[in-house]
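Please open the model in a viewer and keep the selection panel at hand. The stops below proceed from one chain to the other.

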Amino acid sequence: MTPRAGDNEPSAVGPAGRRPGGTAIGRAGPAVRRRRYGAVQEYLGMLAVLAGLIAVFSYLSPRFFTPLTFQMIAGQVPGAVIIAVGMTYVLIIAGIDLSVGSVLALSSGVLGVCIVKLSLPVPVAVLACLGVGPVCGLLNGFVSNRWRLPSFIVTLGMLQIARGATQLVTDSKTQYIGAPIEPIAAATVVGIPVPFLIAFAIVIAAQVVLSTTVFGRYMRAVGTNEEAVRLSGINPRPIKLAVFAICGLLTSVAAVLHTSRLSSADPNTGSGFELDAIAAVVIGGTSLMGGRGSVVRSFFGVLIIAVLGAGLVVVDVGDPTKKVITGGVIVAAVILDYYRRRLKRGRA
Amino acid sequence: MNRRWTTLALAAAFALVAASAGCRKTQPAGGPGKPRVALVMKSLANEFFKTMEDGARAHQQANAGEYELIANGIKDETDVARQIALVEQMMAQQVDAIVIAPANSEALVPVCKRAADAGIVVVNIDNKFDDGALKEKGVSIPFVGPDNRKGARLAGAHLAKKLAAGDEVVIVEGAPNTFNGIQRKLGFEDAMKAAGAKVVSSQTGEWMTEPASKVVSGMITQHRKIKAVLCANDNMALGAVAALKSAGRIDDVLVIGYDNISAVRALMKEGRILCTIDQHADQIAVYGIQYALEILRTKAAPTDKETPVDLITADDVK
């Protein structure tokens with residue numbers, strides 16, 4: 001795909017006056033200034049929510065605001081962050097991927113079985129595991145392209161297929177891997193866990209691709225108005241296929257880190273991850289209708305959910321209360337985002 | 001061209017469905033007169049229930065002349081509506097006996113009463129029906145299975161040998177409102193009370209590795225002095241071990257589990273998990289089936305039967 005002059009501006013197909021949040025490529029001076037100003041404001045709301053949560057939990061428990069807590073959260077989020085990146089891409093093209101939790105379990109199961117049952121060397125097993133996600137993703141993309149099916153239903157099918165395949169592969173048994181897989185999650189660079197660095201690098205790379213490349217612009221265009229993209233002579237299908245494959249690959253990367261952290265592959269793992277990922281991405285202001293989204297903001301969305309989860313465990317409220325609060329915070333965060341966008345639109 | 005491919009794919013899909021339906025049909029079409037026993041399971045995704053089902057199938061194959069087996073499960077342990085539908089389907093198939101591990105100890109009572117009223121022998125395994133619900137429906141269904149509270153007490157007592165009075169411990173519970181989960185928690189509490197240890201926190205790990213690891217991470221942040229983590233199943237014990245490892249506490253906090261799944265044996269050898277409980281999952285369904293056949297043969301009045309629970313430590317897995 002080579003950039004061609006002017007014929008693929010998202011604004012050409014997007015509704016007038018609505019700029020993709022924080023991702024528009026400004027060329028003129030005032031636009032740059034507005035974007036810079038916007039960038040600070042962009043993340044301010046989410047940082048405020050994050051700081052608010054941390055403040056509340058620190059007030060409720062003297063043990064919360066400690067390095068240990070943040071080290072624990074840094075250990076827990078990488079998988080969720082990486083999945084949220086893939087989900088952001090999928091939502092931007094106005095798709096959805098409900099299969100990420102099951103695909104994570106299948107990747108993890110393949111990794112476990114390769115090491116434990118087939119006694120393959122770890123690098124080979126990791127490669128096999130990394131192959132699972134793209135295959136599932138390509139299948140999702142192909143089927144939804146070929147028969148023009150909504151990705152909702154295709155990935156809903158994949159959710160079941162991958163879960164069933166996981167149970168077949170692992171014989172429904174938790175595979176304990178132990179020492180061979182542990183070094184990945186245990187490694188640190190200047191005190192920061194390597195998985196967190198990997199997740200962070202993926203977030204940055206994905207945001208750069210989204211905001212500065214032609215592929216990124218195509219994605220937003222497909223999500224805004226697929227028909228218009230097609231009519232302007234661009235085939236949207238390879239883009240959709242690629243996005244689902246990327247989402248699958250990222251899910252498998254997350255599976256490697258996840259398996260390494262838990263030293264074992266549980267065939268039931270990851271159930272409900274799709275909803276956590278979608279919640280994180282939507283908290284980050286990515287539209288479920290497509291066309292608009294930001295990877296960095298999804299990252300903050302994951303952090304909000306992770307801090308909330310960790311805080312509720314530390315404060316030790318009952319399970320029903322936990323669920324009520326989690327749901328409430330998710331909705332509240334999205335409402336906040338609504339006001340942020342309205343403010344921004346009012347000013348523009 | 002395109003349409004032809006579509007037709008072909010559709011035809012292939014139908015052929016698949018037809019083939020699988022055909023496979024299923026061959027089972028009940030065996031010899032006449034042989035009793036047909038339906039095994040209605042909980043989640044087949046869970047190793048414990050998988051083992052239970054495999055045990056039942058092996059038993060049926062060894063005793064193929066005595067009865068036919070139709071085994072079915074639901075996709076997760078809480079899919080009550082689907083399990084009720086399964087019992088109804090088994091009634092429609094006119095099986096002679098239903099051996100059921102209910103996903104909910106109250107919600108499955110009415111449908112099982114209907115089955116019993118229709119002359120089907122119903123035997124309850126694994127997860128005991130609520131006595132109040134049975135009484136209210138005026139039905140008596142025999143329970144064949146382990147005493148989870150006793151098992152948990154056994155594991156807790158083994159742990160207590162390594163604890164001093166006043167030590168702090170935490171419990172990782174099963175999914176909320178499950179009978180087994182509640183019984184195991186009660187058993188752990190009994191043992192800790194007897195040992196004078198203090199349970200400082202008890203939260204759910206939803207029976208799974210990853211949620212348990214998150215909960216334990218939080219617990220050790222909040223309670224720095226804990227000496228042991230008591231987990232209501234082995235998958236959650238794996239999660240607890242992962243959490244303790246990443247917090248660098250694996251050497252000074254003890255972990256116990258429940259179910260004796262294969263993954264835990266390696267960890268017991270490594271000394272990361274102290275003990276677990278074997279409920280002989282492969283035999284639970286078999287006990288239930290044998291009892292159902294016995295009732296069919298002798299028309300005896302059904303009573304509850306307790307199956308064994310055994311403590312498994314590192315010494316048992318050499």
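Begin by selecting chain B: among its contacts (pairs of residues whose C-beta atoms, placed from the backbone, lie within 7 Å) with a separation of 6 or more, 75% join residues 24 or more positions apart. This is a predicted model, in which local features need pLDDT of at least 70 and side-chain atom pairs count only at pLDDT 80 or more, while totals for chains, interfaces and linings use all residues. Residues are numbered from 1 along each chain as its sequence is written, and chains are lettered from A and ligands numbered from 1 in the order in which they are written.

Colour chain B by secondary structure to display 11 helices and 12 strands; these are DSSP runs numbered from the N terminus, helices being H or I of at least four residues and strands E of at least two. Of the 318 residues in chain B, 50% are buried, that is, with 20 or more other C-beta atoms within 10 Å of their own, against 12 or fewer for exposed and the range in between for partly exposed, with C-beta atoms placed from the backbone.

Next, select Asp316(A), in the loop between helix H13 (295-315) and helix H14 (319-347) of chain A. Asp316(A) is partly exposed because 19 other C-beta atoms lie within 10 Å.

The average for chain A is 87, and 88% of the residues score at least 70.

Terms used
Contact = placed C-beta atoms within 7 Å. pLDDT = per-residue confidence, 0-100.
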